[in-house]
Amino acid sequence: MSDSYRIREIARLYGLCADTLRYYEEQGILSPERGENNYRRYRIQDICNLNVIRELRELDMPMERIRDYITARSVPSTLRMMEEEERIIDSRIRELRQARRDVERRIRDIREASALPEAPRLLELSGRPCYQLGNEVILDDNMDFLLRKLEKKHETVLRSLDDEKIAAVLSAEHLARGEYGCFSSVLLITPGARDWDVLLEPGLYASAVYRGSYARREETMGRLREFMEGQGLHPLDAPVEIYHIDAHETLDREEYVTEIQLRVGKNP
């Protein structure tokens, strides 16, 4: 059995390219001997070092930290390194658990959205904190860009929240002129947020859901107005459109699920 191995054998065994092994050598964490024709020969100690490198790189350990450890390895330093590995693994576990909760929430939200009734109805809703972007006319075509911008602005906070929803406020001024594709602001509804920008007020809301293209918005607003008239209700605020299922979940616009909510009061 050979007590040393050439670069091609080691590269194949560890699934590495030869350039990576040469880089490790440049960093001082591998020290192959030179054999005949100046070929590199990797010994058992190099293989042990490669095992350590692979383990620590899988945890995204910086190369400088790996080099410091490998070049002065001892039982005490190994114990310290393994304790550091434990902390990194525990952090990864927390991140994975949060990722699982996020996936479970999205599954729940999509299933609940798919079951939403289209018929207008009344909802008693509590106050909902929101992050807001924009205080001017926003067109349908610009919506996705502004939502990404809003999410980017608050991404640190959003990671700790469990139930944000994307929404937009329809422009009351444009609705009065029969224009249904204009918005006054884009919202992320974020229950649990502490430093929110605006609050969707608590109260009674008239709600209607439509499926498919946003071209159905006008028809849905008509159904909502008829429902409100029949219930003896009048609007208190501009309508809010909530995007339960959109381009983030499907390429088929016919599968979109959108809800329009409008805070209402009883007619005198």
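Arg-128 lies over the face of Tyr-205, 5.0 Å from the ring centre. A charge is taken to sit over a ring if NZ of Lys or CZ of Arg is within 6 Å of the ring centre and within 35 degrees of the ring normal. The charged end of Arg-73 also sits over a ring, that of Tyr-69, at 5.9 Å from its centre. The model is predicted: local features need pLDDT of at least 70, side-chain atom pairs count only at pLDDT 80 or more, and totals for chains, interfaces and linings use all residues. Residues are numbered from 1 along each chain as its sequence is written, and side-chain values use heavy atoms, with hydrogens and water left out.

The side chain of Arg-128 also makes a polar contact with the side chain of Gln-261, at 2.8 Å. A polar contact is a pair of N or O atoms within 3.5 Å; within protein, one must be able to donate a hydrogen and the other to accept it, and residues adjacent in sequence count only if both atoms are side-chain atoms. Gln-261 is found in strand S13. Helices (H or I, at least four residues) and strands (E, at least two) are DSSP runs, numbered from the N terminus. Gln-261 counts as buried because its relative accessibility is 5%. Buried means under 20% relative accessible area, exposed over 50%, and partly exposed in between (1.4 Å probe, protein chains only). Beyond its neighbours within four places in sequence, Gln-261 is in contact (heavy atoms within 4.5 Å) with Leu-123, Leu-125, Arg-128, Tyr-205, Ala-206, Ser-207, Pro-239, Val-240 and Ile-242.

The protein chain has 9 helices and 13 strands. Of its 268 residues, 38% count as buried. Among contacts in the protein chain with a separation of 6 or more, 71% join residues 24 or more positions apart. The accessible surface of the protein chain comes to about 15900 Å², and 51% of it belongs to carbon and sulfur atoms. Accessible areas come from the Shrake-Rupley method with a 1.4 Å probe; for residues, only the protein chains shown count as cover.

The largest nonpolar core holds 23 residues. Such a core is a set of buried Ala, Val, Leu, Ile, Met, Phe, Trp, Tyr and Cys residues joined through side-chain atoms within 4.5 Å. Ala-206, Leu-224, Met-228, Tyr-243 and Val-264 touch the most other members. Strand S7 (165–170), strand S8 (182–189), S10, H9 and strand S13 (257–266) each supply at least two residues of this core. Its largest share, 4 residues, comes from H9. Leaving aside neighbours within four places in sequence, Met-228 is in contact with Ala-206, Leu-233, His-234, Pro-235, Leu-262 and Val-264. Apart from this core lies another, of 21 residues, among them Ile-10, Tyr-14, Tyr-24 and Ile-53.

The structure holds 3 aromatic pairs. The rings of Tyr-23 and Tyr-24 have centres 6.1 Å apart and planes at 50°, so this pair is tilted. Rings of Phe, Tyr and Trp (its six-membered ring) pair if their centres lie within 6.5 Å; planes under 30 degrees apart count as stacked, over 60 as edge-to-face and the rest as tilted. Tyr-23 counts as partly exposed, at 36% relative accessibility. Tyr-24 is buried, with a relative accessible area of 9%. Tyr-214 and Tyr-243 form an edge-to-face pair, 5.8 Å centre to centre with 80° between the planes. Tyr-214 lies in the loop between strand S10 (203–211) and helix H9 (217–231), and Tyr-243 in strand S12 (residues 240–245), so the pair ties together parts that are 29 residues apart in sequence. Tyr-214 and Tyr-243 are both buried. Ring pairs link Tyr-214, Tyr-243 and Tyr-256 into a cluster.

Three further sites complete the description. Asp-60 has a positive phi of about 60° although it is not a glycine. Asp-60 is placed in the loop between helix H3 (44–57) and helix H4 (63–70). At 57% relative accessibility, Asp-60 counts as exposed. Glu-84 lies in helix H5 (residues 75–114). Leaving aside neighbours within four places in sequence, Glu-84 is in contact with Met-61 and Arg-65. Glu-84 and Met-61 are 23 residues apart in sequence, and their C-alpha atoms are 9.8 Å apart. Glu-219 is found in helix H9 and is partly exposed, with a relative accessible area of 42%.
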